[in-house]
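Please keep the model open in your viewer and follow the stops below in order, selecting each group of residues as it is named.

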Amino acid sequence: SFALPAAELAMCYLELAEGGTAPPDEAYARAAEMAALALRLDPESSEAHGTMAYLHMVRDFAWMDAEREFQRALALGPSNADAHDLYGRLCAAQGRFDEAIEKARRAQELDPLAHRIDVATALLRGGRYAEAAERSRAALEVDAASARARATLGWAELLAGRCTEGLADLERAVALAPGSIQWLAQLGAGFAACGDETKARHILGQLEERAKTSFVSPYHLAYVYTSLGEHDRAIDLLVEAKRTRTGPTFGIGGS
């Protein structure tokens with residue numbers, strides 16, 4: 001009889017599917033079930049509308065429906081930090097980077113602990129690498145064990161042309177979360193981008209070996225193939241990722 005746990009459980013399933021860490025068919029089905037339940041229990045729940053907005057965004061690629069639901073979520077709950085943050089991801093996916101950064105900053109103001117790295121991610125997507133690095137370092141001062149903050153710092157450095165520092169931070173991200181496919185794939189892409197094809201292919205082999213026994217998103221494999229310059233293979237993987245809605249294939253701002 002309580003909408004909030006249903007909305008939050010739906011969000012967990014959505015993150016697993018969109019992040020490429022769980023089979024999307026199963027995760028999206030559970031997410032849709034829980035999101036619908038949350039809205040039935042409380043049609044005025046800001047959290048339920050925010051979750052439904054994210055479902056429209058990452059599964060349905062229905063940007064207008066998603067934007068409408070985000071606006072409804074914020075009208076019902078202006079202090080809903082998660083809705084601000086997720087709305088920012090939609091803006092980034094559409095190339096509206098200034099809006100994305102503004103919404104991420106608002107989310108951090110409302111809930112600094114939960115959203116301390118989101119501003120850095122938004123800045124990275126917007127091509128503001130020095131600011132993204134600064135924000136990532138600030139987040140690491142609060143939580144040195146954050147693999148996401150470490151990986152974001154790594155990419156801010158790589159994209160600014162500092163391969164040695166960037167690869168070192170991506171390696172630290174993998175060490176902090178050794179079970180994560182995402183950071184391992186990003187490290188492989190980083191090696192390839194910096195010209196170390198041998199290490200990139202070694203990681204690609206690790207990913208393909210894992211795929212024999214557990215779910216590995218084709219989106220993450222595409223990271224490495226793209227950086228290796230094998231674009232036909234990368235496109236095939238991205239087409240499959242888009243078909244199955246795994247990985248942030250919903251827009252140009254996915255990361």
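**First stop: a histidine and its surroundings**

Begin by selecting His56, which is found in helix α3; helices here are DSSP runs (H or I, at least four residues), numbered from the N terminus. Before you go further, note that this is a predicted model, in which local features need pLDDT of at least 70 and side-chain atom pairs count only at pLDDT 80 or more, while totals for chains, interfaces and linings use all residues. Residues are numbered from 1 along each chain as its sequence is written, and side-chain values use heavy atoms, with hydrogens and water left out.

Is His56 buried or exposed? His56 counts as buried because its relative accessibility is 16%, where buried means under 20% relative accessible area, exposed means over 50%, and partly exposed lies in between (1.4 Å probe, protein chains only). Now show the residues that His56 touches, leaving out those up to four places away in sequence: they are Phe61, Ala62, Asp65, Ala66 and Glu69, with contact meaning heavy atoms within 4.5 Å.

From there, select Phe61, whose place is in the loop between α3 and α4 (63-76). The phi of Phe61 is near 55 degrees, a positive value in a residue other than glycine, and at 21% relative accessibility Phe61 counts as partly exposed.

**Second stop: α2 against α3**

Next, colour helix α2 (residues 24-41) and helix α3 (residues 46-58), which pack at an angle of about 145 degrees with their axes 9 Å apart. The axes are lines fitted to C-alpha atoms, for helices over the stretch in contact, and the angles run from 0 to 180 degrees between N-to-C directions. The crossing of α2 and α3 is left-handed, a term used if the near helix is turned anticlockwise from the far one by less than a right angle.

Which residues meet here? On the α2 side, show Tyr28, Ala32, Ala35, Ala36, Ala38 and Leu39, and on the α3 side, show Ala48, His49, Thr51, Met52, Leu55 and Val58. By class, this contact has ten nonpolar, two polar and no charged residues; Ala, Val, Leu, Ile, Met, Phe, Trp, Tyr, Cys and Pro count as nonpolar, Asp, Glu, Lys and Arg as charged, and the others, Gly among them, as polar.

Move on to helix α6 (residues 97-110), whose 14 residues reach 20 Å from the first C-alpha to the last, close to the 20 Å expected at 1.5 Å a residue; the expected span is 1.5 Å times one less than the number of residues. Select the buried residues of α6, namely Ala100, Ile101, Lys103, Ala104, Ala107 and Gln108. They lie on the same side of α6 because they cover an arc of only 165 degrees around the axis, the arc being that of the directions from the helix axis to the C-beta atoms.

With those residues still selected, display α5 (81-93), α7 (118-125) and α8 (129-142), against which the buried residues of α6 pack. Then turn to the other side of α6, where Asp98, Glu102 and Glu109 are exposed.

An α-helix has 3.6 residues a turn, so residues three or four places apart point the same way.

Within α13, pick out Thr226, which counts as partly exposed at 39% relative accessibility. Leaving aside its neighbours within four places in sequence, Thr226 is in contact with His231 and Ala234.

To finish, follow the chain past α14 to Arg245, whose phi is positive, near 60 degrees, and which counts as partly exposed at 22% relative accessibility. Gly251 also lies in the segment after α14, and Gly251 touches Trp63 and Ala93, not counting residues up to four places away in sequence.

How values were computed
Helices (H or I, at least four residues) and strands (E, at least two) are DSSP runs, numbered from the N terminus.
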